[in-house]
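Biologist: I am new to this one, and I would like to learn how its features get their labels. Could you show it to me and let me ask as we go?

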Amino acid sequence: MSDSTMKPILLLLLAAPVFAATPTLEIKVDQVGYLTTAAKLALVSSHTAATAFTVNQSKDGKVAWPGGKLSAPVEDPDSGDQVQVADFSKLVKPGTYYIDVPGVGRSWDFEIGLDVYANTWRLAMRSYYGQRCGTAVDLGPEFPGYKHDACHLEGAYHASSGKTGPHVSKGGWHDAGDYGRYVVNSGISTGTLLWTYEMFGSRIKSVDLKIPESGNGSPDILNEIKWNLDWMLSMQDDDGGVWHKQTSEKFCDFIMPEKDKLISFVIGTGKDPFKSTCATGDFAAVMAIAGRVYVHHNPAFATRCLRAAEKAWAWIEKNPNVTFRNPPGVSTGDYGDGNCADERLWASAELFRTTGLAPYQTYFLAHYTDFRKSIRPEGPPSWNNVGALALWTFAMAKGEDAVAASNIRKDSIAAADDIVKRTAANGYRISLATTDYIWGSNGVLANYGMQLLVTDAMAHNALYRETALEDLHYLLGRNTFSLSFVTRVGENPFKHPHHRLSAADGLADPWPGLLSGGPNRGRNDPDMKKLPADLPPAKMYLDEQEAYAANEVAINWNAPLVFLLAGALPGK
Ligand SMILES: [Zn+2]
């Protein structure tokens, strides 16, 4: 243990007042906190019969609110817990508090305030800087020692790409716990982050992410996103098509990225036309968004992105459904998707929203009805299902077809109303249905939050935002484990992500701001087989590095978390 890790512990011991008992996992709170004006629920699941609670100030233990009665226990089938509700919505004084339940114990600390999520938003967004490829990264004095050297500088065309020789390996974000870069998953991640800026820009444009570009006059969120856009642009062939991914042929060991000397290959489909339609469709959509988002800060870059999107669109028209599976000899993630029609629709809608040009609208109107069911109460957008993003962006475009936009709004309201109802009836007050406890369930939950916030933007209903906040509370600790699913956030965060950087850096704590994949009823990895097969789905989770199907991190799960947190920040 280093000096720097000892100091906070000593300070904590010196500062700890005598009344501060160890928090119990039986009381579940959002360990970051609650907005002053929003509902504030803590949940209790205890074998001890409990009926009352108080809210106490952390600094001196004084009762800040006399609290009241816990609700009668209700069974939550997804976790198997008996859950009681402690409602302290009436406490509005900003401060740091804990819940005390006589006979059960005290909770972790949490805050009440108007901007309680500001630091969590900053860490979740800054996590993309930690994922940067092709450059040295250093989180600086805030997280001393969290750094890596420039990595994966050698790129080449793989035999499956249709070309030979070296190919630039330029920038981008490592996808997840591995060091690969995948256009499809970059697509939804980068698109979600660009939407975050479009919808909540006034709240986040001044946040200093302490990245090398900070202070250059552009918002840091756009600076960070550009790092990945530059890589995506390098993946477009001269004919407009986009190769599927740039990775080594197999996963490297759990080593630092600069120690990974495997060549980063541009990998294609193995036969003509070598590029894939899903990758090219996602690329076109994202570059079209960039074409309107960067127009004020970097017009030359915005133009370049829009031209790239138009070229990609032209390629898709000639190659409407070239799908991708890993070619022989390649075993990194394949992000295989048998149907690229939703990616194509998303591209048409974003291109229309940016340019207002008729051909994109014509394509969208001819095909959108096939995707109306992708706005639904169960199953928010995901990397292989972007139909809902297409519909929403069209409905938010200027000059949109009124009938189509009205249909989309109607579908969105119906789905959101169902999600609100399901969430209110759920023991942990979350939007996940029982079948949603899949690989990356925390990402699914964050995407429900995003769905609710997008619907709120289209059809103003305070219930949608309030329900999205309930989903956020689960991710930040109000769950069956009383565990914050975001690294270095809250008093009891998960600690052992399946994440090469965190595993190989020799430091005790993981890199900050990363969302765990979360419970996965599929138990899809050997480590998870240690769990009893009959555990309820919400309990199918291990905070272990080996449990890749429950505890990996990924850019496409962090992105809706960034969106959801931005929606909870103060401002317009
Ligand atoms: Zn790298």
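Modeller: Gladly! Let us start with A415, which lies in helix α10, residues 402-425. Please keep in mind that this is a predicted model.

Biologist: What makes A415 count as buried or exposed?

Modeller: The cut-off for buried is under 20% relative accessible area. A415 has 2%, so A415 counts as buried.

Biologist: Which residues is A415 in contact with, leaving aside its neighbours within four places in sequence?

Modeller: These are I375, R376, P377 and Q451. For I375, the C-alpha atom is separated from that of A415 by 6.7 Å, although the two residues are 40 apart along the chain.

Biologist: Now to the cysteines. How many disulfides does the structure hold?

Modeller: There is 1 disulfide, and it joins C278 to C340.

Biologist: What makes C278 and C340 a disulfide?

Modeller: The sulfur atoms must be within 2.5 Å. Here the S to S distance is 2.1 Å, so the pair meets the definition of a disulfide.

Biologist: Where in the chain are the two partners?

Modeller: The pair links distant parts of the chain, 62 residues apart. C278 is in helix α5 (residues 277-293), while C340 is in the loop between α6 (299-318) and α7 (341-355).

Biologist: Why is the disulfide of C278 and C340 called left-handed?

Modeller: The torsion about its S-S bond is about -95 degrees, so the disulfide is left-handed. Both cysteines are also buried: C278 has a relative accessibility of 2%, and C340 has a relative accessible area of 0%.

Biologist: And C305, why is its sulfur too far for a bond?

Modeller: The closest cysteine sulfur, in C133, is 19 Å away. A disulfide needs the sulfur atoms within 2.5 Å, so C305 is too far from C133 for a bond. C305 has 0% relative accessibility, so it counts as buried.

Biologist: Let us turn to the aromatic rings. How many aromatic pairs are there?

Modeller: The count comes to 22 aromatic pairs. One of them is formed by F88 and F110.

Biologist: Why is the pair of F88 and F110 called tilted?

Modeller: Rings pair if their centres lie within 6.5 Å, and these centres are 5.4 Å apart. Planes under 30 degrees apart count as stacked and over 60 as edge-to-face; the angle here is 40 degrees, so the pair is tilted. F88 is in the loop between β7 (81-87) and β8 (95-101), and F110 is in strand β10 (residues 110-113). F88 is buried at 0%, and F110 counts as buried at 1% relative accessibility.

Biologist: What makes the pair of F485 and Y541 edge-to-face?

Modeller: Their centres are 5.2 Å apart and their planes are at 90 degrees, so the pair is edge-to-face. The pair links distant parts of the chain, 56 residues apart. F485 counts as buried at 0% relative accessibility, and Y541 is buried at 6%.

Biologist: How do you know that the charged end of R344 sits over the ring of W313?

Modeller: The distance must be within 6 Å of the ring centre, and the charge within 35 degrees of the ring normal. R344 is 5.7 Å from the ring centre of W313 and is listed as sitting over the ring. Another charge to look at is K226, which lies over the face of F301 at 4.7 Å from the ring centre.

Notes. Residues numbered from 1 in each chain as written. Predicted model: local features only at pLDDT ≥ 70, side-chain atom pairs only at ≥ 80, totals over all residues. Heavy atoms only, no water. Helix = DSSP H or I, 4+ residues; strand = E, 2+ residues; numbered from the N terminus. Buried < 20%, exposed > 50% of the residue type's maximum accessible area, 1.4 Å probe, protein only. Phe/Tyr/Trp six-rings, centres within 6.5 Å; stacked < 30°, edge-to-face > 60°. Contact = heavy atoms within 4.5 Å.
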